[in-house]
Amino acid sequence: MGPEARIGAASEVFNDFMRPSRYKALYGGRGSAKSHFFAEAMIGNAVNNKGFRAVCIREVQRSLKESSKRLLEDKITALGFSKMFTVLNDRIDTPGGGTIIFQGMQDHTSESVKSLENFTVSWCEEAQTLSPKSLEMLRPTIRAPGSELWFNWNPRNASDPVDVFFRGMTPPDDAIISRINYDQNKYFPDELEAERLHDYHNNPARYAHIWLGEYEPSVVGAIWDRQTLHENRRSEAPELRRIVVAVDPAVTTAETGKDPNETGIIVAGVGEDRRGYVLEDFSGHGTPHQWASKAIAAYDKHEADSVVIEVNQGGDMVRHTLQSIRPGLPITEVRATRGKHVRAEPISALYSLGRISHVGTFPELENQQCQMTAAGFEGDGSPDRVDALVWAFTELFSIMTRPNKRKPPRDMPQVSWMG
Ligand SMILES: Nc1ncnc2c1ncn2[C@@H]1O[C@H](COP(=O)(O)OP(=O)(O)OP(=O)(O)O)[C@@H](O)[C@H]1O
Ligand SMILES: [Mg+2]
């Protein structure tokens with residue numbers, strides 16, 4: 001089967017996308033064949049246009065594993081073109097001396113982005129995370145004759161730059177913009193159908209966002225917002241002076257017969273620049289032995305200074321579980337004397353001041369953050385990831401503000417960190 005025959009095979013929606021257009025924008029819910037479509041189109045183009053040069057873009061790409069490279073390799077094989085392409089470590093060489101490369105926009109400056117000027121296609125996956133600066137830099141960079149900019153995304157907020165650009169008051173002229181959902185994907189797999197049905201019955205508040213491409217249900221009065229998380233995002237952390245792993249253990253026990261909550265495990269640090277950095281989110285379900293092992297693995301991986309635990313709720317048990325696996329593990333205890341959202345507020349204030357960056361994206365954590373309000377958590381279940389995050393930064397920043405040890409830096413917000 002030739003590439004033309006396969007391209008667009010998953011949905012009628014794609015027929016429209018076959019003609020040349022400066023912009024091609026596809027948005028919708030999970031599993032609607034957006035990534036597969038653009039991957040096939042990419043390979044089809046490379047086969048038909050000798051010397052084809054394309055760049056696959058994400059806002060943050062910490063490694064090639066986070067890129068579309070693997071999907072493109074699979075498409076090359078599936079379409080029977082293996083002999084025409086050379087798959088290298090960091091790029092795929094295309095017929096006639098062209099190439100496909102993979103980059104994170106966060107790694108670019110207005111100078112470095114010029115290296116992309118002679119690329120014919122840019123394909124931006126998960127474009128809902130594109131920052132305003134990235135979109136602004138990218139558009140005038142892609143300028144080869146007949147060049148195209150492709151975007152696909154799962155909408156989150158109407159204020160996200162890609163939504164404002166394509167779905168705002170004045171979308172660009174030369175653009176094909178379509179919405180697509182799972183029910184238009186002929187190849188929608190059974191595994192995803194089962195996931196969809198589960199959400200349909202159990203997660204009605206979020207179903208339309210996940211599967212129908214609607215915006216996130218918005219939470220009025222949330223103390224974090226996506227824009228701020230976005231603007232402060234980094235692809236790398238600088239030199240860090242202190243790193244901790246904070247653990248907020250699941251409290252529901254198996255005895256209640258209910259699904260236990262997740263255990264929040266967040267790795268965070270504070271830099272020489274006195275800014276905070278979220279490095280990794282290891283949260284998940286599991287037995288005490290499992291989460292304790294995970295926390296210790298995180299501690300080792302990041303060469304952390306200590307594991308931070310909260311001691312009100314079964315602190316002894318938590319300490320014991322951790323130290324039975326790793327005797328002598330340095331543990332820092334923090335004590336909750338106020339409600340969840342009250343202790344979260346000083347940390348969200350630091351975000352608002354631009355003092356905390358996420359190194360990469362942490363969708364589950366960020367969703368929880370954006371559902372924390374001054375009156376409590378508006379999401380489902382318990383905000384375990386946020387709790388762990390709050391413990392981590394309470395500890396990291398309280399060291400900097402702790403009386404008698406060190407004077408608080410003058411520009412620190414004067415808030416009390418503990419109750
Ligand atoms: N052209 C195709 N050939 C074979 N399978 C396909 C094709 N298009 C889609 N599929 C199937 O549909 C699934 C969903 O497609 P894809 O991953 O492209 O969706 P998506 O819209 O990018 O979803 P997400 O938002 O989850 O990233 C794939 O995992 C694959 O099983
Ligand atoms: Mg996809």
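1. The crossing of α9 and α10 is right-handed. This comes from a predicted model. Helix α9 covers residues 288–301 and helix α10 covers residues 315–325. Their axes come within 9 Å. The crossing angle is roughly 65°. Angles of 65 to 115 degrees count as roughly perpendicular, so α9 is roughly perpendicular to α10.

2. Which residues of α9 and α10 meet? From α9 come Pro288, Ala292, Ser293, Ala295 and Ile296. From α10 come Thr321, Leu322 and Ile325. By class, this contact of α9 with α10 holds six nonpolar residues, two polar and no charged.

3. Next, the pair α2 and α3. Helix α2 runs over residues 34–48, and helix α3 over residues 69–78. They pack at an angle of about 60°, and their axes lie 9 Å apart. The two helices are therefore oblique to each other. Here too the handedness is assigned: α2 passes α3 in a right-handed crossing.

4. The α2 side of that contact consists of Ser35, Ala39, Glu40, Met42 and Ile43. The α3 side consists of Leu71, Leu72, Lys75 and Ile76. Six of the residues in the contact of α2 with α3 are nonpolar, one is polar and two are charged.

5. How are α6 and α7 oriented to each other? Helix α6 (residues 190–202) and helix α7 (residues 204–212) pack at about 155°, with axes 7 Å apart. Angles over 145 degrees count as roughly antiparallel, so α6 is roughly antiparallel to α7.

6. In this pair, Arg196, Asp199 and Tyr200 of α6 meet Arg206, Tyr207, Ile210 and Trp211 of α7. The contact of α6 with α7 divides into four nonpolar residues, no polar and three charged.

7. Now the ligand site. How many residues surround ligand 1? The shell has 15. Ala33, Lys34, Ser35, His36 and Tyr187 are the closest. Ser35 also belongs to the contact of α2 with α3. By class, the shell around ligand 1 has six nonpolar, six polar and three charged residues.

8. Overall fold content: the protein chain has 13 helices and 16 strands. Its C-alpha trace spans about 70 × 50 × 45 Å along the principal axes.

9. Does the radius of gyration of the protein chain agree or disagree with that of a compact globule? A compact globule of 419 residues would have a radius of gyration near 22 Å. The protein chain has 23 Å, so the value agrees.

Notes. Residues numbered from 1 in each chain as written. Chains lettered and ligands numbered in written order. Predicted model: local features only at pLDDT ≥ 70, side-chain atom pairs only at ≥ 80, totals over all residues. Axes fitted to C-alpha atoms, helices over the stretch in contact; angles between N-to-C directions. Helix = DSSP H or I, 4+ residues; strand = E, 2+ residues; numbered from the N terminus. Parallel < 35°, antiparallel > 145°, perpendicular 65-115°, else oblique. Left-handed = near helix turned anticlockwise from the far one by under 90°. Contact = placed C-beta atoms within 7 Å. Nonpolar A, V, L, I, M, F, W, Y, C, P; charged D, E, K, R; others polar. Near = placed C-beta within 6 Å. Rg over C-alpha atoms; globule rule 2.2 N^0.38 Å.
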